[in-house]
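Take a moment to look over the sequence and the fold. Then follow the tour below.

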Amino acid sequence: MSAQQPRCLVFLNQKGGVGKTTSAVNVAHALVRSGHRVLGLDLDPQGHFAASMGIEGLDPGLDDVFFNGVAINDRAQQARDGLLLVPPGPRLPEVEQMSGGRERGWILANALEQIGGGFDFVIIDCPPSSGLLAINALLATDDVIMPVSCDYLALEGLAGLMRTLMRVEQGLHISRNKFVLVTRFNGQRRLPREVRGKLEEYFPGQVLRTAIRDNVSLAEAPGFGQTVFEYRADSNGAKDYAALAEDIRHRRVLEPAEVNG
Ligand SMILES: Nc1ncnc2c1ncn2[C@@H]1O[C@H](COP(=O)(O)OP(=O)(O)OP(=O)(O)O)[C@@H](O)[C@H]1O
Ligand SMILES: [Mg+2]
(Lines give C-alpha, C1' and ligand atoms only; values in the text may rest on other atoms or scores of the structure.)
(Ligands and ions follow the chains in the order given, each with its own letter.)
Protein backbone atom coordinates (compact mmCIF):
# COMPACT_ATOMS: atom_id res chain seq x y z
CA MET A 1 0.00 0.00 0.00
CA SER A 2 1.27 3.49 -0.80
CA ALA A 3 1.44 5.96 2.04
CA GLN A 4 -0.76 8.35 0.16
CA GLN A 5 -3.49 7.77 -2.41
CA PRO A 6 -2.46 8.92 -5.90
CA ARG A 7 -4.26 11.83 -7.49
CA CYS A 8 -6.53 10.66 -10.28
CA LEU A 9 -7.10 12.57 -13.54
CA VAL A 10 -9.68 11.60 -16.14
CA PHE A 11 -9.70 12.90 -19.72
CA LEU A 12 -13.37 12.96 -20.65
CA ASN A 13 -15.48 14.24 -23.52
CA GLN A 14 -18.17 12.25 -25.31
CA LYS A 15 -17.17 14.05 -28.50
CA GLY A 16 -14.59 12.14 -30.54
CA GLY A 17 -11.23 13.39 -31.73
CA VAL A 18 -10.82 16.31 -29.31
CA GLY A 19 -7.43 15.27 -27.95
CA LYS A 20 -8.29 13.04 -24.96
CA THR A 21 -5.77 10.34 -25.82
CA THR A 22 -3.05 12.71 -27.00
CA SER A 23 -3.39 14.52 -23.69
CA ALA A 24 -3.46 11.35 -21.56
CA VAL A 25 -0.29 10.05 -23.24
CA ASN A 26 1.72 13.23 -23.10
CA VAL A 27 0.59 14.47 -19.69
CA ALA A 28 1.43 11.02 -18.32
CA HIS A 29 4.92 11.15 -19.80
CA ALA A 30 5.46 14.78 -18.77
CA LEU A 31 4.65 13.86 -15.16
CA VAL A 32 7.03 10.89 -15.32
CA ARG A 33 9.76 13.15 -16.68
CA SER A 34 9.30 15.49 -13.74
CA GLY A 35 9.95 12.60 -11.37
CA HIS A 36 6.47 11.25 -10.62
CA ARG A 37 5.24 7.69 -10.67
CA VAL A 38 2.26 7.32 -12.97
CA LEU A 39 -0.30 4.60 -13.63
CA GLY A 40 -2.19 4.90 -16.93
CA LEU A 41 -5.55 3.22 -17.48
CA ASP A 42 -6.78 2.81 -21.04
CA LEU A 43 -10.53 2.83 -20.52
CA ASP A 44 -11.24 3.15 -24.26
CA PRO A 45 -11.80 -0.16 -26.09
CA GLN A 46 -10.06 1.42 -29.11
CA GLY A 47 -6.83 1.00 -27.11
CA HIS A 48 -5.18 4.14 -28.46
CA PHE A 49 -3.59 5.13 -25.14
CA ALA A 50 -1.87 1.73 -24.90
CA ALA A 51 -0.96 1.68 -28.60
CA SER A 52 0.53 5.18 -28.41
CA MET A 53 2.82 3.83 -25.71
CA GLY A 54 3.70 0.77 -27.78
CA ILE A 55 1.48 -1.66 -25.81
CA GLU A 56 -0.84 -4.15 -27.49
CA GLY A 57 -4.46 -3.28 -26.62
CA LEU A 58 -5.62 -6.87 -27.00
CA ASP A 59 -3.66 -8.16 -24.02
CA PRO A 60 -5.98 -8.83 -21.07
CA GLY A 61 -6.39 -5.66 -19.07
CA LEU A 62 -9.17 -3.61 -17.54
CA ASP A 63 -11.76 -6.10 -18.83
CA ASP A 64 -10.38 -8.60 -16.28
CA VAL A 65 -10.80 -5.98 -13.56
CA PHE A 66 -14.46 -5.44 -14.51
CA PHE A 67 -15.50 -9.05 -15.16
CA ASN A 68 -13.16 -11.20 -13.10
CA GLY A 69 -12.28 -9.01 -10.13
CA VAL A 70 -8.58 -9.13 -11.04
CA ALA A 71 -6.43 -6.52 -9.27
CA ILE A 72 -5.35 -3.54 -11.38
CA ASN A 73 -1.69 -4.13 -10.47
CA ASP A 74 -1.91 -7.64 -11.93
CA ARG A 75 -2.76 -6.26 -15.38
CA ALA A 76 -0.36 -3.30 -15.39
CA GLN A 77 2.49 -3.39 -17.89
CA GLN A 78 5.72 -1.43 -17.72
CA ALA A 79 5.39 1.25 -20.42
CA ARG A 80 8.35 3.41 -19.42
CA ASP A 81 10.52 3.87 -16.32
CA GLY A 82 8.06 5.17 -13.73
CA LEU A 83 5.04 4.58 -15.96
CA LEU A 84 2.81 1.51 -15.79
CA LEU A 85 -0.15 1.07 -18.10
CA VAL A 86 -3.21 -1.17 -18.13
CA PRO A 87 -4.58 -1.85 -21.63
CA PRO A 88 -8.36 -2.09 -22.17
CA GLY A 89 -8.45 -5.80 -22.99
CA PRO A 90 -10.67 -7.40 -25.64
CA ARG A 91 -13.85 -7.63 -23.52
CA LEU A 92 -13.94 -4.02 -22.37
CA PRO A 93 -16.73 -3.03 -24.83
CA GLU A 94 -19.02 -5.49 -23.02
CA VAL A 95 -18.91 -3.33 -19.90
CA GLU A 96 -21.46 -1.01 -21.51
CA GLN A 97 -23.97 -3.89 -21.59
CA MET A 98 -23.21 -5.18 -18.10
CA SER A 99 -26.33 -6.00 -16.09
CA GLY A 100 -26.77 -5.16 -12.44
CA GLY A 101 -27.46 -2.18 -10.20
CA ARG A 102 -25.69 0.96 -9.13
CA GLU A 103 -22.61 -0.92 -7.96
CA ARG A 104 -21.62 -1.35 -11.62
CA GLY A 105 -20.53 2.30 -11.60
CA TRP A 106 -18.14 1.80 -8.68
CA ILE A 107 -16.08 -1.13 -9.97
CA LEU A 108 -13.11 0.97 -11.07
CA ALA A 109 -13.20 3.22 -7.99
CA ASN A 110 -13.17 0.18 -5.72
CA ALA A 111 -10.36 -1.48 -7.68
CA LEU A 112 -8.28 1.71 -7.51
CA GLU A 113 -8.61 1.82 -3.73
CA GLN A 114 -6.65 -1.42 -3.66
CA ILE A 115 -3.70 -0.43 -5.83
CA GLY A 116 -0.18 -0.54 -4.53
CA GLY A 117 2.99 0.71 -6.14
CA GLY A 118 3.38 4.17 -4.68
CA PHE A 119 1.90 6.04 -7.63
CA ASP A 120 1.61 9.81 -7.56
CA PHE A 121 -0.91 10.01 -10.39
CA VAL A 122 -3.45 7.77 -12.08
CA ILE A 123 -4.37 8.93 -15.59
CA ILE A 124 -7.48 7.57 -17.27
CA ASP A 125 -8.30 7.90 -20.97
CA CYS A 126 -12.03 7.61 -21.75
CA PRO A 127 -13.90 6.51 -24.86
CA PRO A 128 -15.93 9.11 -26.80
CA SER A 129 -19.20 8.05 -25.19
CA SER A 130 -21.13 8.64 -22.01
CA GLY A 131 -21.99 5.13 -20.83
CA LEU A 132 -20.94 2.97 -17.92
CA LEU A 133 -17.21 3.25 -18.68
CA ALA A 134 -17.39 7.03 -18.38
CA ILE A 135 -19.43 6.75 -15.16
CA ASN A 136 -16.79 4.42 -13.71
CA ALA A 137 -14.10 6.96 -14.58
CA LEU A 138 -16.08 9.79 -13.03
CA LEU A 139 -16.69 7.91 -9.81
CA ALA A 140 -13.02 6.91 -9.53
CA THR A 141 -11.46 10.31 -10.08
CA ASP A 142 -10.57 13.52 -8.29
CA ASP A 143 -10.26 15.72 -11.38
CA VAL A 144 -12.11 15.67 -14.68
CA ILE A 145 -10.32 17.31 -17.59
CA MET A 146 -12.44 18.04 -20.64
CA PRO A 147 -10.40 18.63 -23.78
CA VAL A 148 -12.05 20.93 -26.33
CA SER A 149 -10.67 21.19 -29.81
CA CYS A 150 -10.67 24.69 -31.24
CA ASP A 151 -11.16 23.12 -34.68
CA TYR A 152 -14.81 22.65 -34.04
CA LEU A 153 -17.16 25.16 -32.57
CA ALA A 154 -17.27 23.02 -29.50
CA LEU A 155 -18.90 25.39 -27.04
CA GLU A 156 -22.36 23.95 -27.29
CA GLY A 157 -21.18 20.37 -26.83
CA LEU A 158 -19.13 21.39 -23.84
CA ALA A 159 -22.01 23.23 -22.17
CA GLY A 160 -24.08 20.06 -22.59
CA LEU A 161 -21.31 17.90 -21.16
CA MET A 162 -20.90 20.22 -18.19
CA ARG A 163 -24.67 20.08 -17.49
CA THR A 164 -24.72 16.29 -17.77
CA LEU A 165 -21.74 16.03 -15.42
CA MET A 166 -23.40 18.24 -12.84
CA ARG A 167 -26.61 16.21 -13.01
CA VAL A 168 -24.67 12.98 -12.56
CA GLU A 169 -22.74 14.50 -9.65
CA GLN A 170 -25.97 15.57 -7.96
CA GLY A 171 -27.57 12.18 -8.52
CA LEU A 172 -24.60 10.33 -7.06
CA HIS A 173 -23.83 12.87 -4.32
CA ILE A 174 -20.31 13.44 -5.54
CA SER A 175 -18.41 16.52 -6.61
CA ARG A 176 -15.37 16.60 -8.88
CA ASN A 177 -12.90 19.30 -9.88
CA LYS A 178 -13.77 20.09 -13.49
CA PHE A 179 -11.33 21.65 -15.93
CA VAL A 180 -11.52 22.63 -19.58
CA LEU A 181 -8.44 22.03 -21.73
CA VAL A 182 -8.13 23.92 -25.00
CA THR A 183 -6.50 21.74 -27.68
CA ARG A 184 -5.59 22.27 -31.34
CA PHE A 185 -5.26 25.97 -30.64
CA ASN A 186 -4.10 28.31 -33.34
CA GLY A 187 -3.48 31.72 -31.78
CA GLN A 188 -2.88 33.31 -35.20
CA ARG A 189 -6.50 32.92 -36.16
CA ARG A 190 -9.40 34.91 -34.84
CA LEU A 191 -11.93 32.12 -34.33
CA PRO A 192 -9.85 30.02 -31.91
CA ARG A 193 -9.02 33.14 -29.92
CA GLU A 194 -12.72 33.92 -29.69
CA VAL A 195 -13.56 30.37 -28.70
CA ARG A 196 -10.97 30.48 -25.93
CA GLY A 197 -12.35 33.80 -24.71
CA LYS A 198 -15.89 32.41 -24.68
CA LEU A 199 -14.77 29.31 -22.78
CA GLU A 200 -13.27 31.50 -20.08
CA GLU A 201 -16.49 33.53 -19.98
CA TYR A 202 -18.74 30.47 -19.65
CA PHE A 203 -16.47 28.43 -17.38
CA PRO A 204 -14.62 30.98 -15.24
CA GLY A 205 -11.82 29.55 -13.15
CA GLN A 206 -12.04 26.21 -14.96
CA VAL A 207 -10.01 26.71 -18.15
CA LEU A 208 -6.48 25.35 -17.74
CA ARG A 209 -3.89 28.02 -18.43
CA THR A 210 -1.90 26.35 -21.19
CA ALA A 211 -3.66 25.85 -24.52
CA ILE A 212 -2.22 23.05 -26.64
CA ARG A 213 -1.29 24.34 -30.07
CA ASP A 214 -1.89 22.50 -33.29
CA ASN A 215 1.37 20.65 -33.81
CA VAL A 216 2.18 17.96 -36.34
CA SER A 217 4.61 16.14 -34.02
CA LEU A 218 1.69 15.37 -31.70
CA ALA A 219 -0.13 13.67 -34.56
CA GLU A 220 2.95 11.80 -35.83
CA ALA A 221 4.43 10.49 -32.57
CA PRO A 222 1.82 7.74 -31.84
CA GLY A 223 2.59 6.07 -35.17
CA PHE A 224 6.05 5.35 -33.77
CA GLY A 225 4.75 4.22 -30.37
CA GLN A 226 6.39 7.32 -28.92
CA THR A 227 5.29 10.24 -26.82
CA VAL A 228 6.01 13.70 -28.17
CA PHE A 229 8.94 13.98 -25.73
CA GLU A 230 10.60 10.98 -27.36
CA TYR A 231 9.64 11.88 -30.91
CA ARG A 232 10.43 15.64 -30.98
CA ALA A 233 11.51 16.97 -27.61
CA ASP A 234 11.96 20.49 -29.00
CA SER A 235 8.52 20.73 -30.66
CA ASN A 236 5.75 23.08 -29.60
CA GLY A 237 3.74 20.00 -28.71
CA ALA A 238 6.38 18.91 -26.18
CA LYS A 239 6.63 22.43 -24.75
CA ASP A 240 2.86 22.76 -24.41
CA TYR A 241 2.34 19.40 -22.71
CA ALA A 242 5.22 20.02 -20.31
CA ALA A 243 3.62 23.35 -19.35
CA LEU A 244 0.18 21.78 -19.13
CA ALA A 245 1.37 19.05 -16.79
CA GLU A 246 2.62 21.78 -14.45
CA ASP A 247 -0.73 23.57 -14.70
CA ILE A 248 -2.50 20.35 -13.81
CA ARG A 249 -0.20 19.66 -10.87
CA HIS A 250 -0.89 23.10 -9.43
CA ARG A 251 -4.49 23.38 -10.73
CA ARG A 252 -3.49 26.57 -12.55
CA VAL A 253 -6.28 28.13 -14.59
CA LEU A 254 -6.53 31.05 -16.97
CA GLU A 255 -7.07 34.41 -15.27
CA PRO A 256 -9.67 36.64 -16.98
CA ALA A 257 -7.02 39.24 -17.89
CA GLU A 258 -4.95 36.62 -19.76
CA VAL A 259 -7.67 35.65 -22.22
CA ASN A 260 -7.16 38.44 -24.73
CA GLY A 261 -3.59 39.22 -23.76
N1 LIG B 1 -2.61 19.56 -30.73
C2 LIG B 1 -2.70 18.73 -31.78
N3 LIG B 1 -2.09 19.03 -32.95
C4 LIG B 1 -2.19 18.20 -34.02
N5 LIG B 1 -2.87 17.05 -34.02
C6 LIG B 1 -3.50 16.68 -32.89
C7 LIG B 1 -3.44 17.49 -31.71
N8 LIG B 1 -4.17 16.87 -30.74
C9 LIG B 1 -4.64 15.76 -31.28
N10 LIG B 1 -4.26 15.63 -32.58
C11 LIG B 1 -4.62 14.55 -33.51
O12 LIG B 1 -6.03 14.56 -33.64
C13 LIG B 1 -6.55 13.24 -33.68
C14 LIG B 1 -7.53 13.05 -32.50
O15 LIG B 1 -6.80 13.17 -31.28
P16 LIG B 1 -7.02 12.13 -30.10
O17 LIG B 1 -6.96 10.75 -30.59
O18 LIG B 1 -6.12 12.52 -29.01
O19 LIG B 1 -8.52 12.51 -29.71
P20 LIG B 1 -9.52 11.67 -28.79
O21 LIG B 1 -10.42 12.68 -28.15
O22 LIG B 1 -8.79 10.75 -27.92
O23 LIG B 1 -10.33 10.84 -29.89
P24 LIG B 1 -11.37 9.62 -29.57
O25 LIG B 1 -12.59 10.30 -29.09
O26 LIG B 1 -11.54 8.93 -30.89
O27 LIG B 1 -10.75 8.75 -28.54
C28 LIG B 1 -5.36 12.32 -33.62
O29 LIG B 1 -5.01 11.96 -34.92
C30 LIG B 1 -4.28 13.17 -32.98
O31 LIG B 1 -2.98 12.77 -33.37
MG1 LIG C 1 -9.01 8.68 -27.64
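This is a predicted model: local features need pLDDT of at least 70, side-chain atom pairs count only at pLDDT 80 or more; totals for chains, interfaces and linings use all residues.

S3 and strand S4 (residues 83–86) are antiparallel and share three bridges. Strands are DSSP runs of E, at least two residues long, and helices are runs of H or I, at least four, all numbered from the N terminus. Two strands count as paired if DSSP finds at least two bridges between them. Two residues separate S3 from S4 in this hairpin. One residue of the turn, glycine 82, has a positive phi of about 85°.

Now step back to the whole sheet. Strands of a sheet pair through backbone hydrogen bonds, either parallel or antiparallel. Here seven strands make an open sheet, ordered S3-S4-S2-S5-S1-S6-S7, with mixed pairing. Strand S3 (77–80) and strand S7 (177–183) are at the edges with a single partner strand each, so one side of each has no neighbour in the sheet.

Next, look at S5. Strand S1 (residues 7–11) runs parallel to strand S5 (residues 121–125), and five bridges join them. Cysteine 8 has valine 122 as its bridge partner in S5. Valine 10 stands opposite isoleucine 124. Strand S2 (residues 38–42) is also joined to S5 by five bridges, and these two run parallel. Leucine 39 stands opposite valine 122.

Is S5 enclosed or open? Five of its five residues are buried, so S5 is largely enclosed by the rest of the structure. Buried means under 20% relative accessible area, exposed means over 50%, and partly exposed lies in between (1.4 Å probe, protein chains only). Phe121, Ile123 and Asp125 point one way from the strand, and Val122 and Ile124 point the other way.

Arginine 7 lies in S1. Its relative accessibility is 14%, so arginine 7 counts as buried. A polar contact of 2.6 Å links its side chain to that of aspartate 143. Such a contact is a pair of N or O atoms within 3.5 Å; within protein, one must be able to donate a hydrogen and the other to accept it, and residues adjacent in sequence count only if both atoms are side-chain atoms.

What about the nonpolar interior? A nonpolar core is a set of buried Ala, Val, Leu, Ile, Met, Phe, Trp, Tyr and Cys residues joined through side-chain atoms within 4.5 Å. The largest one has 52 residues, and Leu39, Ile72 and Ile124 are among those with the most contacts inside it. Helix H5 (residues 132–140) gives the largest share of this core, seven residues. Another core, of 33 residues, lies apart from it and includes Val25 and Leu244.

Technical notes. Residues are numbered from 1 along each chain as its sequence is written. Chains are lettered from A and ligands numbered from 1 in the order in which they are written. Side-chain values use heavy atoms; hydrogens and water are left out.
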